[in-house]
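Here is a short report on one model.

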Amino acid sequence: TSLLDGLHHLDMATINYPSSRLARSVLDLIGDTPLLQLPRLPEMLGIPSGSLFAKVESVNPGGSKKDRVAKRIIEDARLTGRLLPGQPVVELTSGNTGTGLAITCRALGHEFHAVMSEGNTPERAKAMRAMGATVHLV
């Protein structure tokens, strides 16, 4: 039996998530991810007692734990005065951190410039643009 077999048969009733709560901003959804109890996994792994939980980060608005990182970077920069209201944000990115930055910057009124390699897929650049980023291919 593999680890994935244990995950395949999860009882979704073990998800602890306040789905009825209304968010006022997309930023309220970042990091407020559900906790999923994995009741059969400890036994499969040979752990004699205890509980095992997983944070379901894929339900962040950008689909990744990197949304948390991006939100924190921008919030910290604003709090310390390194990023002023309306100033643009520029990031060399090829993936999930850029997605999180695009979401956060859009919500807080900052232009976001994603500098991406021409080797990235056109879909990645298109998705970044759809989230409000200006994409610069280099």
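Ile 47 is partly exposed, with a relative accessible area of 39%; buried means under 20%, exposed over 50%, and partly exposed in between (1.4 Å probe, protein chains only). Ile 47 sits in the loop between α3 (41-44) and β3 (53-55). Helices (H or I, at least four residues) and strands (E, at least two) are DSSP runs, numbered from the N terminus.

This is a predicted model: local features need pLDDT of at least 70, side-chain atom pairs count only at pLDDT 80 or more, and totals for chains, interfaces and linings use all residues. Residues are numbered from 1 along each chain as its sequence is written, and side-chain values use heavy atoms, with hydrogens and water left out.

Val 26 belongs to helix α2 (residues 26-29). Val 26 is partly exposed, at 30% relative accessibility. Leaving aside neighbours within four places in sequence, Val 26 is in contact (heavy atoms within 4.5 Å) with Pro 61, Ile 103 and Ala 107.

Three strands form an open sheet in the order β4-β5-β6, with parallel pairing (at least two DSSP bridges between two strands). The edge strands, β4 (89-92) and β6 (134-137), each pair on one side only. β5 (residues 112-116) and β6 pair over 4 bridges. Two helices pack on the sheet; angles run from 0 to 180 degrees between N-to-C directions, with axes as lines fitted to C-alpha atoms, for helices over the stretch in contact.

| Helix | Strands touched | Angle with β5 |
|---|---|---|
| α5 (residues 96-108) | β4 and β5 | about 165° |
| α6 (residues 122-130) | β5 and β6 | about 175° |
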